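This report covers charged pairs, aromatic pairs and a charged surface patch. Please read it alongside the sequence and the model.

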Amino acid sequence: TTNDPAPLIPTPKYRDSSMTEHILQFPEPFCDKTPKNRINITLTNTKNLEKWVKKQKKHQDQIKNSSFEGKSGQILTLQSNKGLPDGIICGISDPIHYLDTASLFQHIQQHFSAEFIEQTVFTLSPDTDKGNHTTACIGWGLGAYQFDHYKPAKEEKALPTLLWPENADKEQALATIQSICLIRNLINTPPNDLGQDELAETAKK
């Protein structure tokens, strides 16, 4: 009798690395400087609102005549005499939570035109402390997160851009945003596209 040759075991192959590129894609809705039109955002809460409003002359009546109370989730767009956006007041938690500005980011994206967003950079009032600014930036970045890798290609929404506040911890904010988005990408990627080989390839990057 003759011995049949042992069957060849196929060498495992890594999938195309482009299949895992989306895992390491993170939103970057920030800039360091800009010549664009700026809209200032004031972060306040129920405790500080009354004191802050007393200092405002330009929009004091508009604020008082609105239902804005500084509660978390409340957002008021201030208008100029011509009816154009002239500032935003955002109610926040005490202490601030990143969800406050994540919601703000999505509110702006939904209620402002793409043309306006593309021509505008948003800024945070400088009278906010460093910790609040850092948390606000984290929320802004997470608000920009979306997982659409498996959806049909379509026109992307304009991303509201925030000018980095001078007193924010940029390194900490970016590290937090990227870490959370990485975890979300890993969770949202189906197992058939993210096995041991793909995890190893992603880890190398």
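Lysine 54 is exposed, because its relative accessible area is 63%; exposed means over 50%, buried under 20% and partly exposed in between, with a 1.4 Å probe and protein chains only. Its salt-bridge partner is glutamate 50, with 4.0 Å between the closest N and O atoms. A salt bridge here is a side-chain nitrogen of Lys or Arg within 4 Å of a carboxyl oxygen of Asp or Glu. Glutamate 50 is also exposed, at 56% relative accessible area. Both residues belong to helix α1 (residues 49-54) and are four residues apart, about one turn of the helix. Helices are DSSP runs of H or I with at least four residues, strands are runs of E with at least two, and both are numbered from the N terminus.

This is a predicted model, in which local features need pLDDT of at least 70 and side-chain atom pairs count only at pLDDT 80 or more, while totals for chains, interfaces and linings use all residues. Residues are numbered from 1 along each chain as its sequence is written, and side-chain values use heavy atoms, with hydrogens and water left out.

## Other salt bridges

Side chains of opposite charge can pair when their charged atoms come close. The count of salt bridges comes to five. One of them joins aspartate 86 to lysine 58, with the closest N and O atoms 2.7 Å apart. Aspartate 86 sits in strand β4 (residues 85-91) and lysine 58 in the loop between α1 and α2 (60-64), so the pair ties together parts that are 28 residues apart in sequence. Aspartate 86 is partly exposed at 28% relative accessibility, and lysine 58 is exposed at 63%.

Another salt bridge is formed by glutamate 69 and lysine 71, where the closest N and O atoms are 3.1 Å apart. Glutamate 69 is partly exposed, with a relative accessible area of 40%; lysine 71 is partly exposed, with 44%.

## Aromatic pairs

How many aromatic pairs does a search of the whole structure find? The search finds five. Among them is the pair of phenylalanine 105 and tryptophan 140, which is edge-to-face, at 5.3 Å centre to centre and 90° between the planes. It links distant parts of the chain, with phenylalanine 105 in helix α3 (residues 98-111) and tryptophan 140 in helix α5, 35 residues apart. Phenylalanine 105 is buried at 0% relative accessible area, and tryptophan 140 is buried at 1%. Rings of Phe, Tyr and Trp (its six-membered ring) pair if their centres lie within 6.5 Å; planes under 30 degrees apart count as stacked, over 60 as edge-to-face and the rest as tilted.

Phenylalanine 112 and phenylalanine 116 form a stacked pair, with 5.2 Å between centres and 25° between planes. Phenylalanine 112 is buried at 12% relative accessible area, as is phenylalanine 116 at 17%. Ring pairs connect Phe105, Phe112, Phe116, Phe122 and Trp140 into a cluster.

## Negative surface patch

Which residues gather in a patch of negative charge on the surface? They are Glu115, Glu118, Asp148, Glu155 and Glu156. Patch residues have over 30% relative accessible area and no salt bridge, and like charges are joined within 9 Å. Asp and Glu count as negative, Lys and Arg as positive, and His and the chain ends are not counted.

Aspartate 148 is in the loop between α5 (130-143) and β6 (161-163), and is partly exposed at 39% relative accessibility. Its C-alpha atom is 9.7 Å from that of asparagine 188, 40 residues apart along the chain. Glutamate 156 also lies in the loop between α5 and β6; it is exposed, with 69% relative accessible area.

Terms used: Patch = residues over 30% accessible without salt bridge, like charges linked within 9 Å, V, L, I, M, F, W, Y side chains within 5 Å. Areas by Shrake-Rupley, 256 points an atom, 1.4 Å probe, with all protein chains shown as cover. Charge placed at Lys NZ, Arg CZ, Asp CG, Glu CD.
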